[in-house]
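Student: Could we go through this model together, one question at a time?

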Amino acid sequence: MTRPHPLDRAAIALGLASIASLVFVYEGLDEFRFLAIGGPSIAVALVLGALAAAAGLTGRRVPALLAGLGFAAAAALELASTLAGEDWLGANLSTMSLWLGLAVGLLLAAAAPRTGTDTAGTEPPSH
Amino acid sequence: MATASFAPSRLSAWLIAATRVGVALMWIDNASWKVPPDFGRGESPSGLYRWTLNGVEHEVLAPWARFVEHVVVPNFGLFGWAVLLIEASLGALLLIGLFTRAFALLGVVQSLAITFSVLNTPHEWFWAYLLMILIHLMLFATAAGRFGGMDGVLRPLWTDRPGPLHRLMKAAS
């Protein structure tokens, strides 16, 4: 079995990170509840995370692009919700920050040119 | 001091990545209480506004306190948005390990700003702020985004391409 391209592995990792963020649904984490996830934001994390992971597993760029755009839209919606003094998504500005990162990462994973090089994580910081 | 290229073991690379993600979670966690549009301004100051006033009421460095009093507080709406943008971006980009060296330096600057504002506030543990500065310096020194981060994936692409933009992105990573 061929090892996924580094950009596909990045999409998988970002998708799994989104799904892992569902741990913050549990309010009993108290001060370790770094961000709020509940209500509609559960669907955002689960559906877009699964889409990103599936994109990486199948090596397809379009679903990764859609997941990235979805996270960007969700982050913008969370900011709009906060400005309106509402809680449309059951999330907060910490969740917005997470989704912003996932959006940027997935959009880059979808848009970056593919090469055969697999050097991820091996280059030392000497230059 | 001459050193060999920094090439950590697999375990060390994972630990560098875990540290980067942990620092990202710190910024992500603390984005939630920078709430626009007022950021805590009001009859009973709270949130970011309350903490900003601490920089004046519990002065750490006189020039910084004057800057906060005469520049930041009168323009607090703009300042609040800048803080939210910086800290949400720090959380986002350190999490995915993109442009990590540039954002580690931004983290140092932001940590210094926080330190100069709240170091003398009662019940604050000064080592917390020094550690914030030091951990960002460590993320910079290790180029932490190259281990399990987007920098590690994208740097070969930037290296292969000419032009100032690619050079800038490579330097930022």
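Tutor: Gladly! This is a predicted model, in which local features need pLDDT of at least 70, side-chain atom pairs count only at pLDDT 80 or more, and totals for chains, interfaces and linings use all residues. Residues are numbered from 1 along each chain as its sequence is written, while chains are lettered from A and ligands numbered from 1 in the order in which they are written.

Student: How many helices does chain B have?

Tutor: Helices (H or I, at least four residues) and strands (E, at least two) are DSSP runs, numbered from the N terminus. Along the sequence, chain B reads α-α-α-α-α-α-α-α. Chain B has 0 strands, and its helices number 8.

Student: What percentage of the residues in chain B is buried?

Tutor: A residue is buried if 20 or more other C-beta atoms lie within 10 Å of its own, exposed if 12 or fewer, and partly exposed in between, with C-beta atoms placed from the backbone. Of the 173 residues in chain B, the buried share is 35%.

Student: Which peptide bond is cis, with omega near 5°?

Tutor: Look in the loop between α1 (10–31) and α2 (47–57) of chain B, where B:P37 is found. The cis bond runs from B:P36 to B:P37.

Student: Is A:D30, with its positive phi, buried or exposed?

Tutor: Phi of A:D30 is near 55°, a positive value in a residue other than glycine. A:D30 sits in the loop between α1 (6–20) and α2 (40–58) of chain A. Because 7 other C-beta atoms lie within 10 Å, A:D30 is exposed.

Student: And where does B:H123 lie?

Tutor: B:H123 is a residue other than glycine with a positive phi, near 75°. B:H123 has 4 C-beta neighbours inside 10 Å and therefore counts as exposed. Its place is the loop between α5 (100–118) and α6 (126–142) of chain B.

Student: At what angle do α7 and α8 of chain B pack?

Tutor: Axes are lines fitted to C-alpha atoms, for helices over the stretch in contact, and angles run from 0 to 180 degrees between N-to-C directions. For α7 (residues 150–160) and α8 (residues 164–172) of chain B, the axes are 8 Å apart and the angle is about 145°.

Student: Which residues of α8(B) meet α7(B)?

Tutor: Two residues are in contact if their C-beta atoms, placed from the backbone, lie within 7 Å. From α7(B) come B:R155, B:W158 and B:T159, and they meet B:H166, B:M169 and B:K170 in α8(B).
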